Amino acid sequence: MQVGLKVWRFNSRTGERELQEYEIAAPEEATLLDCLDIVKDQHDGTLAYRKSCRMMICGSCGMRMDGAAVLACKTRMYDIAQAGHVPVISAMGNLPIVKDLVVDMEPFWEKFRSVDPFLQPGYEEPPDGKEYRIDQPRMNVIHKEALCINCGCCVSECNSMEADPNFLGPQALAKAMRFVGDPRDGNKIARLEKLNGEHGIWECTRCYMCTERCPKGVDPRDAIAKLGAESMYEGIDRDMGAKHANWFVVSAKTTGWLRETELVPKTQGIISAIKQTRFALDLARKGKVPPPFPPHVAKNVKESRRLYELTTQQGPKGYMGIVQGEHALSRLAHGHTGEETLAEIYERPGAFKRPFIAGEELEAPVFLEKPPER
Ligand code: SF4
Ligand code: SF4
Ligand code: FES
């Protein structure tokens, strides 16, 4: 197939940028990385990009295609080439460019290192000859976070990092959750205290771009939500972001909608609210602020209160609560209406394969006959 590529070239010595177009012949199964290899091998040896494993494991080949971060070795070019589209390839965002598609990963690694990405054991030593084993529900808490390959695609797309380059960012926070949620780690509270500081979890604007662009399904925004929930569970809720979130809950529970007029005094305190009186009056004059009294109560406020009751009755709090909610949502996605048991759902024709549930007896392994020797 014929593939067209427009590549943003960059020379960090001169600061020059240039959009260069290439037209190449590539096999139908080619990925973006294969196409770049063809460009480099056959057309232009000066093109710079990173790669190693070619199989979505090493995290080296993060770059942008048409403005969105991708792993080049995961991106098939067939449909794009068939549509006659010529994509624009550029370096990842939020990291300084060294040359062409190669970025300086040091700011990324600095944040990675700052969350102490290693276990700090606090558990009792297992008896001699035994392993420290964790039950499945506890491992489910960090299952997604453990899939991270440090590619930087999430960092490239993070809006908060664009506004504040010191924000820890989605990758470092997902990595932090990997250890906060590990029952073998003995430093959870100290970790949470640190993550609740300046440039920490509450600086995330919840734009979900990290989750959308992560090529491994790590879901960094969810990891940040779990860190927030666990912080609250552990009573670490001094930050304005935590107060903000708490007020959302109270407001939705009592009136069924978000009372923004009270948001500033509840999260920033009375003094800060007074300082912003003029701004509030300007908003009120433009009809942007509803009168605070009497508080408007939504017609279906009972639904909101019921939702609150249900979530508080669920039992597990903190990150366990979020994982439990996720499982409930996935049951709904699998068609669970409450009328059938899960076992019945898995027996439906064409149903998803039933997953192994921790604590169950495993089916006896099937051994294949050894082929006859020739
Ligand atoms: S959700 Fe938060 S961490 Fe993720 S990209 Fe948006 S601002 Fe960044
Ligand atoms: S969270 Fe996803 S996008 Fe971010 S570094 Fe890890 S694998 Fe890459
Ligand atoms: S080359 Fe390793 S992830 Fe793409």
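## A short tour of side chains

Start by selecting D222, which sits in helix α10 (residues 220-233); helices are DSSP runs of H or I with at least four residues, numbered from the N terminus. This is a predicted model, where local features need pLDDT of at least 70 and side-chain atom pairs count only at pLDDT 80 or more, while totals for chains, interfaces and linings use all residues. Residues are numbered from 1 along each chain as its sequence is written, and side-chain values use heavy atoms, leaving out hydrogens and water.

Stay on D222: its relative accessible area is 13%, so D222 is buried (under 20%; exposed is over 50% and partly exposed in between, with a 1.4 Å probe and protein chains only). Now show K144, T211, I322 and E326, the contacts of D222 beyond its neighbours within four places in sequence (contact means heavy atoms within 4.5 Å).

Next, pick F108, W109 and F112, which form one aromatic cluster. Rings of Phe, Tyr and Trp (its six-membered ring) pair if their centres lie within 6.5 Å; planes under 30 degrees apart are stacked, over 60 edge-to-face, and the rest tilted. F108 and W109 are edge-to-face, at 4.9 Å centre to centre and 90 degrees between the planes. W109 and F112 have ring centres 5.2 Å apart and planes at 90 degrees, so this pair is edge-to-face too. Both W109 and F112 belong to helix α3 (residues 106-114), three residues apart, about one turn of the helix.

Finally, select R17, which lies over the face of W8, 4.3 Å from the ring centre (NZ of Lys or CZ of Arg within 6 Å of the ring centre and within 35 degrees of the ring normal).

Terms used
Chains are lettered from A and ligands numbered from 1 in the order in which they are written. Helices (H or I, at least four residues) and strands (E, at least two) are DSSP runs, numbered from the N terminus.
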